[in-house]
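Try each one before you read its solution.

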Amino acid sequence: MGRSGFWSWLARPAHPAVRSLAMRDAPRIAAIHSEGFHRGWSVPEIEAMLADATIVGLGIGRGRALEGFVLSRRAADEAEILTIAVATGARRSGLGLAVLLAHLSQLAGRGVRALFLEVDEGNAAARALYDSLDFREVGRRNAYYRRPDGGRATALVLRKELA
Ligand SMILES: CC(C)(COP(=O)(O)OP(=O)(O)OC[C@H]1O[C@@H](n2cnc3c(N)ncnc32)[C@H](O)[C@@H]1OP(=O)(O)O)[C@@H](O)C(=O)NCCC(=O)NCCS
């Protein structure tokens, strides 16, 4: 490897890695979440979730940088995804899929048999992600979400069986 090859190798973006979430991640989680949803969560709200023993989550990022995360609430052998988001600039590079796949294993490892979530019917990106993982529609909640323009959107309730 030549000298310039070495420096570009050294400066390469690290491979994204899945990792656990810590209290210090709360501000970054709040920032990523606010890019994805118009109703944001405050840092104290995120801190309360991270301190809650019923909430299970994972993050993903390169090096120390957090670029995406997922949080679910677990009750007995069921769980519900509360939120999943990837930073705008890091989307469509496989991070959402990778953190969600790791989360499915994490939940299955804790005895969760069925995972639920709600998704806006018009959220094509998220719906394609869930379709690719065989989540199935089990319900609809009409006019469930309030849009920034005051309109209403339908929530689909999806379910996936975990092995
Ligand atoms: C949904 C979200 C987490 C996906 O994260 P991501 O890292 O961009 O997704 P990935 O790159 O892992 O994509 C995995 C698959 O999802 C689907 N997908 C992701 N973004 C898509 C888009 N903009 N349009 C269509 N399909 C998309 C594709 O099937 C994709 O596979 P492919 O790239 O091989 O075609 C991300 O778009 C996001 O943070 N959105 C805002 C928050 C949100 O809506 N969360 C879901 C709430 S229910």
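**Getting your bearings**

Reading from the N terminus, the protein chain's elements go α-β-α-α-β-β-β-α-β-α-β-β. That makes five helices and seven strands, taken from DSSP runs (helices H or I, at least four residues; strands E, at least two) and numbered from the N terminus. The model is predicted, so local features need pLDDT of at least 70 and side-chain atom pairs 80 or more, while totals for chains, interfaces and linings use all residues. Residues are numbered from 1 along each chain, and side-chain values use heavy atoms, without hydrogens and water.

**Exercise 1.** Work out which elements supply the shell around the ligand.

*Solution.* Start with the count: 20 residues surround the ligand, with Arg 92, Gly 94, Gly 96, Leu 97 and Asn 123 the closest; being near takes a heavy atom within 4 Å. The largest share, five residues, belongs to α5.

**Exercise 2.** Find polar atoms of the protein that lie by oxygen atoms of the ligand.

*Solution.* Look for N or O pairs within 3.5 Å. Begin with Asn 123, where a polar side-chain atom is 2.7 Å from a ligand oxygen. Then take Val 86, which brings a backbone N or O atom to 2.8 Å from a ligand oxygen. Finish with Arg 91: a polar side-chain atom sits 3.3 Å from an oxygen of the ligand.

Note on methods: Polar contact = N/O pair within 3.5 Å; in protein donor to acceptor, adjacent residues only side chain to side chain.
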